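Student: I would like to go through this structure term by term. Please set each value against its definition.

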Amino acid sequence: QVQLEESGGGLVQPGGSLRLSCTASGIIFRIYRMDWYRQAPGKQRELVASITGGGSTNYADSVKGRFTISRANAKNTVYLQMNNLKPEDTAVYYCNRYPAVPWGQGTQVTVSS
């Protein structure tokens, strides 16, 4: 049974940082591309960052230079380091494998003063 569990969200002031974690079970983690998505209220879910099994990364233009995706295959975990957060980064953040499996609960990130 595939499970994805996100954690690390919270309330942070503009300019602050957060590190999200996502632990996967039930998949051969190391061979899959892993993605971070986010969904703001009233908006569609959008792809934020991706990392291949070999460590190649890709980012949405809106987060380039501020977010860093990384992975620890031995821990079946993918991370999203978010720096210089902006109010527009407020959303529920989700991780998933590519191709996608059932979504986890996500973790709420709120950027507000």
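Tutor: The model is predicted, so local features need pLDDT of at least 70 and side-chain atom pairs count only at pLDDT 80 or more, while totals for chains, interfaces and linings use all residues. Residues are numbered from 1 along each chain as its sequence is written, and side-chain values use heavy atoms, without hydrogens and water.

Student: What makes Cys 22 and Cys 95 a disulfide?

Tutor: A disulfide is a pair of cysteine sulfur atoms within 2.5 Å. Here the S to S distance is 1.7 Å, and the two are joined. By this rule the count is one disulfide.

Student: Which parts of the chain does the pair link?

Tutor: Distant ones: Cys 22 lies in strand S3 and Cys 95 in strand S9 (residues 91-98), 73 residues apart. Strands are DSSP runs (E, at least two residues), numbered from the N terminus.

Student: How do you know that S1 and S3 pair?

Tutor: Two strands pair if DSSP finds at least two bridges between them. S1 and S3 (residues 18-25) have five, in the antiparallel sense. In one of these, Leu 4 has Ala 24 in S3 as its bridge partner.

Student: What is the strand order of the open sheet?

Tutor: The order is S1-S3-S8-S7, with antiparallel pairing. S1 (3-7) and S7 (67-72) are the edge strands, because each pairs on one side only.

Terms used: Helices (H or I, at least four residues) and strands (E, at least two) are DSSP runs, numbered from the N terminus.
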